[in-house]
Amino acid sequence: MADIAEEIRILGEELPSNVKLVAVSKFHPAEAVMEAYRAGQRVFGESRPQELAAKAAVLPKDIVWHFIGHLQTNKVKMVLPVAAMVESVDSVRLLEAIEKWGAANSSVTEVLLEMHIASEETKQGFSREEILSVVSEAGKYPHVRISGLMGMATLTGDEAVIRGDFARLVAMRDEIRDKASGFPGLPDDFGILSFGMTHDYRIAVEMGADIVRIGTLIFGERSY
Ligand SMILES: *Cc1c(COP(=O)(O)O)cnc(C)c1O
């Protein structure tokens with residue numbers, strides 16, 4: 001098993017202070033989360049609704065949970081009461097479900113739009129055109145705060161490919177900022193970028209990530 005506290009400490013020294021670390025604890029037990037918590041980590045990422053709800057129920061209340069997996073609309077009610085941010089909004093249907101829940105519960109959910117930047121077909125996310133369409137209609141979702149974009153690069157050791165994927169995410173953010181006046185309802189400070197995982201977070205930091213999501217490096221390999 002990885003020395004969780006030691007990895008948190010090393011990442012704390014390595015990451016620039018303006019980069020937020022989301023410790024991805026999916027498939028690891030609550031005890032592992034506690035170990036990172038005792039080392040000072042407060043932001044954790046989970047990708048399955050049941051697992052998030054179960055951990056949130058037993059772990060300290062000052063933990064900030066980010067939901068980072070594919071979210072089915074019927075699971076929104078399980079995730080939104082505990083998640084501070086949904087990083088993985090990948091469909092208009094999901095956005096509508098989050099809006100509906102927020103209206104019914106008088107709350108605003110912070111989200112990122114997931115962009116498909118990898119070359120693999122299987123990875124979720126919006127295309128460039130779909131993202132432009134969503135942000136142009138941001139005003140339709142008063143109970144959703146669309147703060148930025150999330151992406152996952154192709155799973156490859158080829159750094160040039162990873163950089164190319166990340167560059168598309170950065171360019172998308174910049175394009176939206178340039179055209180911001182055309183997107184009423186989008187927050188003035190739109191532009192948070194979440195990209196970078198265990199195998200590519202150093203590249204991500206170098207390319208301007210605001211959030212990195214790191215699991216394996218901190219908690220060790222996941223057993224599914
Ligand atoms: C699992 C996961 C991560 C963390 O991946 P590691 O390679 O273990 O660091 C990051 N982001 C998302 C969306 C994930 O599902």
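I began with the side chain of Arg213, which has an N or O atom 2.8 Å from a nitrogen atom of the ligand. I take a polar contact as a pair of N or O atoms within 3.5 Å. The model is predicted, so local features need pLDDT of at least 70 and side-chain atom pairs pLDDT 80 or more, while totals for chains, interfaces and linings use all residues. Residues are numbered from 1 along each chain as its sequence is written, and side-chain values use heavy atoms, without hydrogens and water.

I then found an oxygen atom of the ligand 2.6 Å from a polar side-chain atom of Thr216. For Arg222, I noted a side-chain N or O atom 2.7 Å from a ligand oxygen atom. The protein buries 91% of the 390 Å² that the ligand exposes when taken alone (Shrake-Rupley method, 1.4 Å probe).

I listed the residues surrounding the ligand, among them Val24, Lys26, Ile68, Met150 and Gly215 (a heavy atom within 4 Å). I sorted this shell into six nonpolar, three polar and three charged residues, with Gly counted as polar.

Next I checked phi. Most residues other than glycine have a negative phi. Phe27 has a positive phi, near 70°, and lies in the loop between strand E1 (20-24) and helix H2 (30-38). Helices are DSSP runs of at least four residues (H or I), strands of at least two (E).

Ser106 also has a positive phi, near 45°, in the loop between helix H5 (92-105) and strand E5 (109-115).

Is Ser106 buried or exposed? I read Ser106 as exposed, at 67% relative accessible area, and Phe27 as partly exposed, at 22% (buried is under 20%, exposed over 50%, partly exposed in between; 1.4 Å probe, protein chains only).

Note on methods. A polar contact is a pair of N or O atoms within 3.5 Å; within protein, one must be able to donate a hydrogen and the other to accept it, and residues adjacent in sequence count only if both atoms are side-chain atoms.
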